[in-house]
Amino acid sequence: MHKLTPLAVALTGALVASGAIASSHREAPNITRLPTVDSTDFYMFNSYESGREGYVTLIANYIPLQDPYGGPNYFAMDPAAQYSIHIDNDGDAVEDISFSFKFDNNLAADGEGLALPVGPADNQKMINVPLKNIGPISADDASAANFIELYDMTMVSGDMRNGERTELSPSEGDSFQKPLDYIGNKTFTSPEEYQRYANQFVYSFAMAGCDANGKVFVGQRKDPFVVNLGDTFDLVNYVPVEGDSAPGANDDGGFPGGITQDPANNDLKDKNVTSIAIEVPKECLTGDGNGVIGGWTTASLPQARILNPNATFEKPEVNGGAMTQVSRLGNPLVNELVIGLPDKDTFSAAEPKDDAQFADYVTNPVLPELLNILFKDAVNSTLGAEFETLAPTNFPRNDLVAAFLTGFEGVNQQQTVTPSEMMRLNTGIPATPAADQSAFGVAGDDLAGFPNGRRPGDDVVDIALRVVMGRLCYPVPVNGEDTDLGLCAPEDANTGNVPYTDGAPVNSDIATTAFPYLMTPIAGSAE
């Protein structure tokens, strides 16, 4: 499992080529109308918390671009939706294990909602309050909360539609509950106190046939994704090449006018998300496969939704019909910048086993051609060059097909190889401690990182930009030696050795070193 050929080590870097330059926030036309079921990021990695070496962590983030001050209702999950994390452990591109979540929104006071007396003492009326809390909330006293969000967690063995379903329960307590979002510091006092409150919602749960318990947390977190989002979608409104001789050197010794690394380039620095995080013993996920698992997250809604003309809290609508998938995410940004606009909603509804229909988007990727159109003339003028194109010319891009759809033997290839889009993780490769992690994952000599799974601190943006523009057409360092992979030649990629970047740096400091890993959310009110 751990013996890696030089070709396999180098090629795993290509798996990110489909990811391009952002994460899946608002990635398809239909999902923009349904933000509560919009998956933003999916992470899957061997747990690197001390003492948890035998576990895998899976994190599915939803509800993108949350402004912390987004009251008074903040960001509850959709009670009609089904949110799921799927695991394929034998390589047939069909889920073998799924963890499914359904939410239930409730008012306090036995469903009546908190009320306050209003009016003179001799003629008071009890009037329901318009807010989700009427006073401070802490780990010790949450009686001022006017909104309670519960959820059910189900494990499905086999196909999601007809597999064996097992309801999971917390080891302590009667039900799973989601904490209130971080309304602000008058409500929760401080980030430390909010985190102390949120820690109460980390639950242990037992799984049939699994000797050790898993963990689950659902709640608001700081968005861990780092990307120069606004400028990128404005026709890449910056020069996407490192402007320093090395990232952070501050010497302007790189490409003239190129962007330099600056945390201010991260447009998500002040945004939150809602996370579904589970940690499961490895042996309970791998089944009879070779220890490599594939994973992805989906959200589904009932096929029919009829609005209630006399809407109430309990019944704003009537839902019916089969659950229908409306959101899907494995590797980052596949739908956002790889799949063409006519097929984005189709991809959102598709299953990995049917991904052959999207093959042209991988064999003939559009992103390099867009960058060529935007920057060829400027590059030629700046460098005094005469490049006919900045984009790779080796068509079809079979190097990307192999990496993107199949994984690599000895690294993250499953027992059976079925070309399909999903994140792949070799559970037999030990986790790298946070302090030693490379933001460039496999390409940074860190086999426990992206694209062998994905950790919060993996810089998928920069890796993806470089690989999609032809980095693998040039010799790459393997065990300290430059190695020609034989996939394509330097003349196939004029700018394949250029340090492309969005200028938004990220590393393992973006997360904590313990489950659920993602940082305390940003407060809606800091004072």
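## Exposure and T189

A residue counts as exposed when its relative accessible area is over 50%, and as buried when that area is under 20%. In this predicted model, T189 has a relative accessibility of 57% and therefore counts as exposed. T189 is located in the loop between α2 and α3. Its phi is positive, about 80 degrees, although T189 is not a glycine.

D110 also has a positive phi without being a glycine, in this case near 55 degrees. The loop that holds D110 runs between β4 (97-107) and β5 (115-118). D110 is exposed, with a relative accessible area of 83%. Most residues other than glycine have a negative phi, and most peptide bonds are trans.

## Overall form

The protein chain contains 10 helices and 17 strands. Its radius of gyration is 24 Å, close to the 24 Å that the globule rule gives for 527 residues, so the chain is as compact as a globular protein of that length. The C-alpha trace spans about 90 × 50 × 45 Å along its principal axes.

Of the 527 residues, 55% count as buried. The chain exposes about 21,700 Å², and carbon and sulfur atoms supply 51% of that area. Among contacts between residues at least 6 apart in sequence, 69% join residues at least 24 apart.

## Helix α3

Helix α3 covers residues 191-198, and its buried residues are Y194, Q195, Y197 and A198. They lie on the same side of α3, because they cover an arc of only 155 degrees around the axis. The buried residues of α3 pack against α2 (185-188) and β11 (214-222).

R196 and E193 are three residues apart in the helix, and so are separated by about one helical turn. An α-helix has 3.6 residues a turn, so residues three or four places apart point the same way. R196 is partly exposed at 35% relative accessibility, and E193 is partly exposed at 27%.

## Salt bridges elsewhere

The count of salt bridges comes to 14. One of them joins the side chains of E149 and K178, with 3.0 Å from N to O. This pair links distant parts of the chain, since E149 is in strand β7 (residues 147-157) and K178 is in strand β9 (residues 176-178), 29 residues apart. Both E149 and K178 are buried.

Another salt bridge is formed by D355 and R328, whose closest N and O atoms are 2.7 Å apart. D355 lies in the loop between α6 (344-349) and α7 (360-363), and R328 lies in strand β14 (residues 317-329), so the pair ties together parts that are 27 residues apart in sequence. D355 and R328 are both buried. Salt bridges with shared partners join D78, R305 and E317 into one network.

## Cis peptide bonds

The peptide bond from F395 to P396 is cis, with omega near -5 degrees. P396 sits in the loop between α8 (367-383) and α9 (398-406). A cis peptide bond also joins F450 and P451, with omega about 10 degrees. P451 is in the loop between β15 (423-426) and α10 (460-468).

## A nonpolar surface patch

On the surface, L116, V118, I127 and I134 form a nonpolar patch, and together they have about 320 Å² of accessible area. I127 belongs to strand β6 (residues 125-128). With a relative accessible area of 41%, I127 is partly exposed.

Technical notes: Residues numbered from 1 in each chain as written. Predicted model: local features only at pLDDT ≥ 70, side-chain atom pairs only at ≥ 80, totals over all residues. Heavy atoms only, no water. Patch = residues over 30% accessible without salt bridge, like charges linked within 9 Å, V, L, I, M, F, W, Y side chains within 5 Å. Areas by Shrake-Rupley, 256 points an atom, 1.4 Å probe, with all protein chains shown as cover. Salt bridge = Lys/Arg side-chain N within 4 Å of Asp/Glu carboxyl O. Helix = DSSP H or I, 4+ residues; strand = E, 2+ residues; numbered from the N terminus. Buried < 20%, exposed > 50% of the residue type's maximum accessible area, 1.4 Å probe, protein only. Arc of directions from axis to C-beta. Contact = heavy atoms within 4.5 Å. Rg over C-alpha atoms; globule rule 2.2 N^0.38 Å.
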